[in-house]
Amino acid sequence: MSLIDSNRKCLFIASEVRSGSTYVAESLAYELANNFGYFMWPLAEELFSFLDESSSPGDVIETWRTLYLDPSSGFAPAKIMCKALSVIHRLASCNQDVKRAFFGENAYWLVIRRRDRIKQAVSLAIAIKAGTYHYYGNPDESPDNCVVVSNAEINSALQMISLSDIYLQVFASTISESRIVNCFYEDFMADEVEWLNRVHAMCNFQLIEPGEYINQAKLKSTAIKSKQLAYAEYSQWLLQNYV
């Protein structure tokens, strides 16, 4: 007997650290709330982050069943990072409920990656050193503004990011084109309405007009000068030290 509701729709975001996924998730959640009254705030929450090698199909399904189901949109949202997604994939290979819940016809995916991996690596290295991943206060007072990272720290972060980016690329290739939107953070920033409407079209939501949209995401961009300096220094170092 199946433990899942076959009619329950889900909108998942798949991403990795410092990809811009939290900003995109907030942008989408605020827009859906303001324009349609949809409650989709869990798009920015990593509700499956507890998964590890010891997790069972029951652990996954129990969390899936507790995802908030917005009655207006008919969707239950969540964000899933690569490590947790890998566990879910492994369990789906031997459990039909997990497979249907996450990869069946009612599971829709927004995959967010970043084109410039060095910028992503710099951002990750600074976040690790500062212990600050998301900041909502005054950007001038952010703890990461004066953080200095070495080329070795950026290089280590880049290796982590490169593998996760490849993972997301492979993952995206397994999902039906009708149930996935592949988005690069840089492309989203260049035309937010275009990418929001791609998600709308996938989920059969009403499309929005550019004049109707105001981004209300609260996440702040920080350590801009530190990141620019680290990016330039690492890029120059990499040109001379590729091994």
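Colleague: How many helices and strands are there in the protein chain?
Modeller: This is a predicted model, and its protein chain has nine helices and four strands.

Colleague: In what order do the elements run from the N terminus?
Modeller: The order is β-α-α-β-α-α-β-α-α-β-α-α-α.

Colleague: What is the radius of gyration, and what would a compact globule have?
Modeller: The protein chain has 19 Å. A compact globule of 243 residues would be near 18 Å, so the value agrees with that. The C-alpha trace spans about 60 × 45 × 30 Å along its principal axes.

Colleague: And what percentage of the residues is buried?
Modeller: Buried residues are 49% of the 243. Of the contacts with a separation of 6 or more, 77% join residues 24 or more positions apart.

Colleague: Now the inside. Which residues touch the most other members of the largest nonpolar core?
Modeller: Phe-12, Phe-48, Ile-80, Ile-88, Phe-102, Phe-103 and Trp-109, out of 31 residues in that core. Elements that each supply at least two residues of this core include β1 (9-15), β2 (75-81), β3 (107-113) and α6 (151-172). The largest share, seven residues, comes from α3.

Colleague: Which residues of α3 are buried?
Modeller: Cys-82, Ala-84, Leu-85, Val-87, Ile-88, Leu-91 and Ala-92 are buried in α3. The buried residues of this helix pack against β1, α2, β2, α4, β3 and α6.

Colleague: Take Phe-103. What does Phe-103 touch, leaving out residues up to four places away in sequence?
Modeller: With those left out, Phe-103 touches Leu-85, Ile-88, His-89, Ala-92, Val-98, Trp-109, Phe-171, Ile-175 and Arg-179.

Colleague: Where is Ala-127?
Modeller: Ala-127 is in helix α5. Ala-127 counts as buried because its relative accessibility is 1%. Setting aside residues up to four places away in sequence, Ala-127 touches Arg-18, Thr-132 and Tyr-133.

Colleague: How far is the C-alpha atom of Ala-127 from that of Ala-223?
Modeller: The two C-alpha atoms are separated by 9.7 Å, while the residues are 96 apart along the chain.

Colleague: Since Ala-223 came up, what is its phi?
Modeller: Ala-223 has a positive phi, about 55 degrees, and is not a glycine. Most residues other than glycine have a negative phi. Asn-204 is another non-glycine with a positive phi, about 65 degrees.

Colleague: Where are those two found?
Modeller: Asn-204 is in the loop between α8 (192-203) and α9 (224-241), and Ala-223 is in the loop between α8 and α9 as well.

Colleague: Buried or exposed, for each?
Modeller: Asn-204 counts as exposed because its relative accessibility is 70%. Ala-223, at 3%, counts as buried.

Definitions and conventions:
Residues are numbered from 1 along each chain as its sequence is written. This is a predicted model: local features need pLDDT of at least 70, side-chain atom pairs count only at pLDDT 80 or more; totals for chains, interfaces and linings use all residues. Side-chain values use heavy atoms; hydrogens and water are left out. The radius of gyration is taken over C-alpha atoms; the globule rule is 2.2 Å times the number of residues to the power 0.38. Buried means under 20% relative accessible area, exposed over 50%, partly exposed in between (1.4 Å probe, protein chains only). Contact means heavy atoms within 4.5 Å. A nonpolar core is a set of buried Ala, Val, Leu, Ile, Met, Phe, Trp, Tyr and Cys residues joined through side-chain atoms within 4.5 Å.
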